Amino acid sequence: MNLCEKLSIPSQVMVREVGDETVILDLASGTYYGLNTVGARIWKLVLERQSLIEVCDAMMDEYETTREEIERDVCTLMQALLDRKLVSVTA
Amino acid sequence: MLSFVPVLNWSLRPAASVVNTFTKMTLSSEPFHQWCLPDGTVWVSFFRSVAGYALTFPNIAHFHISKDGSSVTCDNAFDVATSTIEHLYLNQVVPLALGLQGKLIFHASAVETLAGAIAFMGVSGRGKSTLAASFAKSGNRFLTDDGLLLEKTINGYNVLPSHPSIRLWNDSREALVHKTATLAPPLQFTPKARILSDFALQFCDESRPLRRVYFLGDGSSPEISIKRMKASEALMALLSHSFLLDIEAHDVLAWHFDELTRLVELPIFFHLDYPRNYAELPQLRETILAHAANRKVDLNESL
């Protein structure tokens with residue numbers, strides 16, 4: 001996972017915030033997923049920011065942890081989303 | 001730190017009601033979906049056709065549902081008893097047809113209480129019918145044994161009544177139903193008995209406002225436990241208990257997802273678990289009734 005990459009949400013993916021969490025529905029497969037509070041925050045930042053580097057910058061301001069851990073967690077989540085085709089890399 | 005929780009694939013739930021006409025159908029394509037029993041046996045296969053959908057129950061019957069879910073026909077190709085066909089229609093086909101009509105319908109039972117309707121959702125074998133029968137026997141009339149149909153109102157949602165019968169395994173039947181209860185004719189595919197409502201097992205034939213939805217646990221809890229569910233948990237649980245015929249119909253799926261997102265804004269969804277013991281059903285009923293009425297409940301819960 002390259003932190004410089006920009007991601008977008010494919011048209012077949014529906015996302016809804018419920019409470020402080022997020023539920024993602026992949027219309028193509030009928031499969032759904034839940035993101036906890038932190039995952040939901042990362043997802044929201046991905047939609048708002050230009051790159052994963054900026055997502056990590058924002059997370060550094062909000063969470064008391066190391067940059068290394070944030071980058072690892074952001075990359076792990078984004079790779080999981082990519083693997084399931086819930087996000088795609090913007091060319 | 002991060003939790004990414006994949007949830008099981010959307011599961012098709014066969015649903016239910018009465019045959020209108022009988023016509024001959026030809027099925028030629030591969031099924032786009034199948035619903036299997038726990039032992040892997042195919043219970044129903046789903047096909048698309050020019051006019052809508054075809055459902056085939058192996059060695060039992062074929063049903064055809066129009067695209068908009070407004071009409072159902074049956075081909076009794078295997079010459080099974082009419083009672084079996086009617087049962088499949090009511091309990092397997094109708095809910096799927098209602099789903100095509102844009103109705104919110106779930107795999108759940110429901111009973112009437114003074115506080116409103118309370119529903120019990122859960123996978124097969126969790127005790128939905130047993131709870132419904134237990135409540136009905138003690139004076140809380142049942143609204144449905146399966147196929148919970150919700151109708152939006154100004155203040156929330158109403159539960160609509162379905163068929164006035166409850167299906168029970170023999171142990172529940174012996175524990176809960178009087179010996180002279182009226183039984184529907186036996187079904188060819190299951191030893192479950194279908195008990196028709198009567199004076200001792202009363203049916204509520206009017207809609208009631210939805211008060212609570214309890215998702216039934218697996219019975220591992222050593223005592224009665226009621227815990228509020230997060231909205232996201234409730235949303236995913238509702239998705240998995242929905243009657244949806246065609247998960248590849250994106251517009252229907254998207255509409256359903258949005259409707260459920262609105263539904264879970266209500267603070268009415270709870271996880272319920274309890275030891276499976278018939279002798280403790282009275283205490284369980286009282287606890288649930290108290291909880292639904294917001295009376296003090298003596299258990300470890302989070303209201």
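Predicted model: local features only at pLDDT ≥ 70, side-chain atom pairs only at ≥ 80, totals over all residues.
**A note on chains A and B**

1. Residues are numbered from 1 along each chain as its sequence is written, and chains are lettered from A and ligands numbered from 1 in the order in which they are written.

2. Is Glu233(B) buried or exposed? Glu233(B) counts as buried because it has 22 C-beta neighbours inside 10 Å (20 or more other C-beta atoms within 10 Å make a residue buried, 12 or fewer exposed, and anything in between partly exposed, with C-beta atoms placed from the backbone). From His33(B), Glu233(B) is 200 residues away in sequence and 26 Å away in space, C-alpha to C-alpha.

3. Chain B as a whole has 6 helices and 18 strands. Of its 303 residues, 46% count as buried. Among contacts in chain B between residues at least 6 apart in sequence, 68% join residues at least 24 apart (a contact means C-beta atoms, placed from the backbone, within 7 Å).

4. Where the chains meet, 22 residues of chain B are in contact with 23 residues of chain A. On the chain B side, strand E1 (4–6), helix H4 (231–240) and helix H5 (250–263) are the elements giving two or more residues. That side has 16 nonpolar, 5 polar and 1 charged residues (Ala, Val, Leu, Ile, Met, Phe, Trp, Tyr, Cys and Pro count as nonpolar, Asp, Glu, Lys and Arg as charged, and the others, Gly among them, as polar).

5. Now to chain A, where Leu52(A), Val55(A), Cys56(A) and Met59(A) of helix H2 (residues 52–62) are buried. They lie on the same side of H2(A) because they cover an arc of only 95° around the axis (taken from the directions from the helix axis to the C-beta atoms). Their cover includes helix H1 (37–48) and helix H3 (67–83) of chain A.

6. How do H1(A) and H2(A) pack? Their axes come within 9 Å and cross at roughly 130° (axes are lines fitted to C-alpha atoms, for helices over the stretch in contact, with angles from 0 to 180 degrees between N-to-C directions). The contact is made by Ile42(A), Leu45(A) and Val46(A) of H1(A) with Val55(A), Ala58(A) and Met59(A) of H2(A). These residues divide into 6 nonpolar, no polar and no charged.

Definitions and conventions:
Helix = DSSP H or I, 4+ residues; strand = E, 2+ residues; numbered from the N terminus. Contact = placed C-beta atoms within 7 Å.
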